[in-house]
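Please look over the structure below before reading the comments.

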Amino acid sequence: MTSNSLSNTFLHAEINERNTDLIEAATNGPATSVRLLLAAGADMNATDNAGYTALIFAAVNGRTEIVQILLDRGANTEAGMHGNTALIGAAVFGRTEIVELLLYAGANTEATDNDGNTALILAAESGHAETVRRLLDAGANVEATNRDGNTALILAERNGHARIVELIEDEAL
């Protein structure tokens, strides 16, 4: 191995470590750590082994300030593997404020995970009425079905989420 290729190997390892550190900071760390890692060249759209980005981790964990930092820096709202996006993750956990930030940044309400679930379907199934309301306000498709043929309405009814059923039925009128 030449010294040049050895240098490139170490540089690549250092960049990968910064990306891993960014995902960790987005999940659990202070905003200053995220800013410093971004300034040091961490790739905000890099994924971990499961295909999740720093934005997805921040969204799922309710890290509103971190989500805003990443969005301000141009993080890709659709990045991630297996159809998992930050919007879908935020919707599953009822992170309405983060859903709003992602929608404002242009996140696609019709993106689906590997099972064909949209953010609306998952928020309705999980019982997050305010998140459902915000997704409906953004024009999420109430007729979208997942791979099992279920809509947000069907899953809300099945799980006893009466308020969500009402919201969806009002939207469908």
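The numbered points below go from the whole chain to single pairs of side chains.

1. Basis. This is a predicted model, in which local features need pLDDT of at least 70 and side-chain atom pairs count only at pLDDT 80 or more, while totals for chains, interfaces and linings use all residues. Residues are numbered from 1 along each chain as its sequence is written, and side-chain values use heavy atoms, with hydrogens and water left out.

2. Secondary structure. The protein has 10 helices and zero strands. Read from the N terminus, the order of elements is α-α-α-α-α-α-α-α-α-α. Helices (H or I, at least four residues) and strands (E, at least two) are DSSP runs, numbered from the N terminus.

3. Burial and surface. Of the 173 residues in the protein, 45% are buried. Here buried means under 20% relative accessible area, exposed means over 50%, and partly exposed is in between (1.4 Å probe, protein chains only). The protein exposes about 8700 Å², of which carbon and sulfur atoms supply 48%. These areas come from the Shrake-Rupley method with a 1.4 Å probe; for residues, only the protein chains shown count as cover.

4. Contacts. Among contacts with a separation of 6 or more, 65% are between residues 24 or more positions apart. A contact means heavy atoms within 4.5 Å.

5. Salt bridges. How many salt bridges are there by this rule? The count is three. The rule asks for a side-chain nitrogen of Lys or Arg within 4 Å of a carboxyl oxygen of Asp or Glu.

6. R35 and E65. These two form a salt bridge in which the closest N and O atoms are 3.6 Å apart. The pair links distant parts of the chain, with R35 in helix 2 (residues 31-39) and E65 in helix 4 (residues 64-72), 30 residues apart. E65 counts as partly exposed because its relative accessibility is 48%. R35 is also partly exposed, at 37%.

7. E130 and R133. A salt bridge joins these side chains at 3.5 Å, N to O. Both residues are in helix 8 (residues 129-137), and because they are three residues apart, about one helical turn separates them. R133 has 29% relative accessibility, so it counts as partly exposed. E130 is partly exposed at 47%.

8. R163 and E166. Their side chains meet in a salt bridge of 2.8 Å, N to O. Both lie in helix 10 (residues 162-172), three residues apart, which is about one turn of the helix. R163 is partly exposed with a relative accessible area of 36%, and E166 is partly exposed at 42%.
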